[in-house]
Amino acid sequence: MGKFLVYQFRRVYAANPAFFVFFSIWVVLLTFLVAFVPKNDSFHFINSHHAFWADILFTIYTYFGDGLFVIAVFIAYCCMQQWNCARAILGTYIFSGVICCMLKNLFHVNRPASVFHGDPTFHVVSWLPVAYFNSFPSGHTTSAFAMSATIAIVSKNRSFGILTFVFAALTAYSRVYLGQHFLIDVWFGSMLGTVTACIYLLAMPYVLKNKRMSFSLRFLQVKF
């Protein structure tokens, strides 16, 4: 069983090694920061270094993890009749989103706006609503990395895989910059999105082999 799982994940890695190399570097760096820097300190360092142009830029980037944007990408792939990638994006978005919501409701971690309430150094932008609860993990980061990993794996395009990783990483950074999450939230969200995307893409072909389920779930079938 162990050898089989290793073989399966090697298949996923082989689909786009460039994405997973960049993602591995990202995880190592953030793991070091999360492990050795107090979460309030890492948040304050990122959140306190701001400028008006960056407020606008990271407001744009943060929407790459928004559900409406993911649905828009799904529709765009449908319009281009790239059904395989469209199905993969929709399936991994739903799968990762359900798990993320379950974890949010399980942990009930306060967001920076609640922790730093009344702190004059706490930076937010006036045009975005600020949330106070369910900080862990970051939903936007989870969705961004799930979509990024999905596109990288299904497309098998090395350059495109790196590009989607960069957008996902900037989405994660924007969540801390905009005062919505702590670094640990986006660190875990990035791993959750990527891992759930890989599990979905590996597991769905076996789910569809069940004759009782194959008809109702046929539209979710993905190949890579």
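Begin with everything selected: of the 224 residues of the protein, 46% count as buried, where buried means under 20% relative accessible area, exposed means over 50%, and partly exposed is in between (1.4 Å probe, protein chains only). Before you click further, know that this is a predicted model, in which local features need pLDDT of at least 70, side-chain atom pairs count only at pLDDT 80 or more, and totals for chains, interfaces and linings use all residues. Residues are numbered from 1 along each chain as its sequence is written, and side-chain values use heavy atoms, with hydrogens and water left out.

**Stop 1: the overall fold**

Colour by secondary structure. You get 11 helices and zero strands; helices (H or I, at least four residues) and strands (E, at least two) are DSSP runs, numbered from the N terminus. Now look at the contacts, meaning heavy atoms within 4.5 Å. Among contacts in the protein with a separation of 6 or more, 81% are between residues 24 or more positions apart.

**Stop 2: the core**

Which residues have the most contacts inside the largest nonpolar core? Select W26 and I89: they do, in a core of 54 residues. A nonpolar core here is a set of buried Ala, Val, Leu, Ile, Met, Phe, Trp, Tyr and Cys residues joined through side-chain atoms within 4.5 Å. Helix α10 (residues 183–207) supplies the largest share of this core, nine residues.

Stay on I89 and show what surrounds it. Not counting residues up to four places away in sequence, I89 touches V70, V73, F74, Y77, M147, T150 and I151.

**Stop 3: a helix with a buried face**

Select helix α3 (residues 39–48), and highlight S42, F43, I46 and N47, which are buried. Look down the axis of α3: its buried residues fall within an arc of 120°, so they line one face of the helix. That arc is taken from the directions from the helix axis to the C-beta atoms. An α-helix has 3.6 residues a turn, so residues three or four places apart point the same way.

**Stop 4**

Click T142, in helix α8. Is T142 buried or exposed? T142 is buried, with a relative accessible area of 1%. Leaving aside neighbours within four places in sequence, T142 is in contact with S96, C100, G189, L192 and G193. Try the distance tool too: the C-alpha atoms of T142 and A168 are 9.0 Å apart, though 26 residues separate the two along the chain.

Next, jump to H123, in the loop between α7 (112–115) and α8. H123 is buried as well, at 11% relative accessible area. Beyond its neighbours within four places in sequence, H123 contacts N47, H50, D55, Y177, L178 and G179.

**Stop 5: the pockets**

On a 1 Å grid over the protein atoms alone, a pocket is an open set of points where a 1.4 Å probe fits, with protein on both sides within 12 Å along at least five of seven lines; lining residues have an atom within 4 Å of a point. Grid points are joined across faces, edges and corners, and a volume is the space filled by probe spheres set on the points.

The largest pocket has a volume of about 230 Å³. Of its 17 lining residues, select G65, Y93, G139, H140 and S143, the closest to its centre. Helices α6 (83–107) and α8 (139–155) are the elements that give two or more residues to this lining, and α6 has the largest share, with seven. By class, the lining holds four nonpolar, nine polar and four charged residues; Ala, Val, Leu, Ile, Met, Phe, Trp, Tyr, Cys and Pro count as nonpolar, Asp, Glu, Lys and Arg as charged, and the others, Gly among them, as polar.

Now for the second largest pocket, at about 190 Å³. It is lined by 14 residues, with F69, M147, I151, T164 and F167 nearest its centre. α9 (158–177) gives the most to this lining, six residues. The classes here are 11 nonpolar, three polar and no charged residues.

**Stop 6**

P137 lies in the loop between α7 and α8.

Finish with H108, in the loop between α6 and α7. Its phi is near 50°, a positive value in a residue other than glycine, and H108 counts as exposed at 51% relative accessibility.
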